[in-house]
Amino acid sequence: MRFEVWAPHAHDVRLIVDDTEHDMRRDDSRRGWWTSDVEQVPGQRYGFTLFDGNDWSKPLPDPRSRRQPDGIHGLSEVVSTDFPWTDDHWVNYELQGQVIYELHVGTFTPEGTFDAIVDKLDYLVELGVTTIELMPVQPFGGERNWGYDGVDWFAVQESYGGPEGLKRLVDAAHHRGVGVFLDVVYNHFGPDGNYNGMFGPYTTAGSTGWGDVVNLSGANSDEVRAYVLDSVRQWLDEFHIDGLRLDAVHSYDDRAAYSIMEEINMLADEIEVKNGPNPIIIAESDLNDPRIIADYAHGGYGLDAQWLDDVHHALHTVITGENIAYYEDFGTVEILADSLRHGYRFRRDWSNFRGRTHGRALNLEQIAPWKLITYTTTHDQVGNRAAGDRPSQNLTMAQHALKAAVIFFSPFTPMIFMGEEFFAQTPFPFFVSHTDEDLQRLTREGRAHEFARYGWNFDHVPDPVDPETFESAKLDWNFAGDNVKMYEIYKDLLTLRRRLGLAKDDLRELRVDHGADGEKWLTMGYDDVFLAANFSDEEVTVPAGGELVYSYGSPRVDKQQTVLSAWEFAIIAR
């Protein structure tokens with residue numbers, strides 16, 4: 001394979017391979033592409049210099065770089081695609097019935113590497129996890145970042161273990177029956193080390209709030225879309241990744257007749273036919289738009305699932321009483337019940353936070369509940385708080401267990417954010433290590449502005465650039481009494497979820513009732529079993545009973561009613 005690059009902005013291009021310059025020529029068969037006669041050999045360091053009509057640039061990494069051994073500002077490296085895979089048995093993967101575990105590679109373990117995650121796989125399997133979801137692993141400035149500032153969409157952060165380390169993790173996970181999802185960011189490029197704009201129109205006018213808008217619809221966008229799709233193909237095919245979580249699809253500027261989401265999903269369908277396992281495509285969406293997960297036949301994009309913030313917000317506000325920012329549209333047991341019953345809280349309803357009507361109802365005859373992913377918290381819901389404080393740092397054991405019971409008993413696909421299963425007391429604040437001091441300053445100022453807008457005190461915000469902020473986010477694996485107890489509760493609830501077959505096909509089967517006249521209790525379940533939950537500091541009597549299956553606490557259950565203490569729940573066979 002010869003060296004080539006898409007650089008329509010350049011007047012001339014030179015290739016640098018192992019400190020030797022080579023002229024490149026335009027490829028007349030492909031608009032904007034430059035090619036050379038130099039053959040690629042694994043291990044070569046290379047880059048490109050661009051002539052803009054006046055000056056030559058410094059050597060730049062390849063926009064399609066597969067490896068950045070010296071960081072995002074260094075030269076790229078040619079890598080071999082060969083890997084001694086041993087996961088040939090891994091031929092069947094479906095989303096229904098999965099339990100997802102979201103983790104950040106750099107803070108999940110003290111070492112902060114893919115290989116260190118391998119050592120924790122048995123722990124996750126014992127808990128009941130079936131899939132791990134990695135926060136973005138594409139290269140970023142320095143060695144500390146959430147991952148959403150990635151700039152090289154085909155490469156893997158070197159400090160985590162690089163491409164070989166990611167493949168070792170996927171192979172090991174498959175051997176333990178665990179799938180691997182990867183969080184990918186196709187809505188913006190990070191601000192540090194993004195040289196793509198010097199090569200071509202990868203972005204266009206406008207801002208997502210995190211960076212320039214990716215050019216998915218404007219002039220020369222065909223090659224940008226190909227850039228996205230080739231990245232998707234690499235992860236799903238070469239790296240054996242089982243699914244992709246598409247970050248913030250509501251910020252895509254995509255006006256093409258075929259949505260990039262639809263094209264991604266169609267590509268996943270092709271790979272399924274070729275390789276066997278079914279790649280899962282998940283959207284993070286703030287749109288409450290059923291088209292994202294509706295089938296092609298019903299005018300949808302066909303994605304397998306989406307994150308469902310509505311249930312999180314409804315559950316969080318009922319337990320904590322917080323009502324700032326987007327939480328102001330939630331806060332009652334009735335709204336929680338409504339969200340559980342319908343999936344979306346907003347179904348062409350007024351939103352005070354947005355100041356407009358929002359959302360569209362799901363067609364519950366066509367969309368299965370397991371296509372909606374729910375959680376007690378996520379990296380966003382923790383890290384986008386002023387202090388990065390977890391729910392487990394603010395709630396009682398009973399309240400924390402209650403949240404987990406509601407999520408795990410629902411028919412939606414559950415997701416755990418690393419550490420919540422053992423009542424972690426470490427925060428997860430936002431952290432970066434940009435290599436430019438101005439970017440560091442702008443990051444601090446941007447966070448200050450955002451938190452001031454939501455009414456938080458910026459004095460409580462850890463400095464995102466300080467290495468101690470990153471160190472504080474690392475999980476503490478020295479379990480104490482409460483840690484062990486909560487871990488056992490999570491394990492018990494996940495075991496019950498499997499035993500009771502709660503990953504249902506039809507949300508309409510779910511029966512949800514709630515108290516009247518301000519009574520803060522709720523029941524949800526089916527003809528054979530239900531969950532009773534008390535969302536208050538007072539004892540409540542729920543007019544439904546049966547035989548106690550599981551609880552946190554000591555509820556009084558008979559055939560007609562269930563008496564629950566403060567923040568108590570009970571799983572009951574009718």
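**Exercise 1.** Determine the hand of the crossing of helix 6 and helix 7, and describe how these two helices meet.

*Solution.* The crossing of helix 6 with helix 7 is right-handed, a term used when the near helix is turned clockwise from the far one by less than a right angle. The model is predicted, with local features needing pLDDT of at least 70 and side-chain atom pairs pLDDT 80 or more, while totals for chains, interfaces and linings use all residues. Residues are numbered from 1 along each chain as its sequence is written, and side-chain values use heavy atoms, without hydrogens and water.

Next, take the geometry: the axes of helix 6 (residues 221–238) and helix 7 (residues 260–275) come within 10 Å and cross at roughly 35 degrees, where axes are lines fitted to C-alpha atoms over the stretch in contact and angles run from 0 to 180 degrees between N-to-C directions. Helices here are DSSP runs of H or I with at least four residues, and strands are E runs of at least two, both numbered from the N terminus.

Then list the partners, among them Val-228, Leu-229 and Val-232 in helix 6, and Ile-264, Leu-267 and Ile-271 in helix 7, contact meaning heavy atoms within 4.5 Å.

**Exercise 2.** Find how many residues of helix 4 are buried, and what they pack against.

*Solution.* Helix 4 (residues 162–175) is mostly covered, with 11 of its 14 residues buried, that is, under 20% relative accessible area with a 1.4 Å probe and protein chains only. Leu-166, Leu-169 and Val-170 are among them. The buried residues of helix 4 pack against helix 2 (114–118), helix 3 (121–127), strand 9 (131–134), strand 10 (179–184) and helix 6. Helix 4 is followed by Gly-177, which has a positive phi near 75 degrees.

**Exercise 3.** Decide whether Trp-33 is buried or exposed, and name residues that it touches.

*Solution.* Trp-33 belongs to strand 5 (residues 33–39), and it counts as buried because its relative accessibility is 7%.

Terms used. Buried < 20%, exposed > 50% of the residue type's maximum accessible area, 1.4 Å probe, protein only. Expected span 1.5 Å × (residues − 1).
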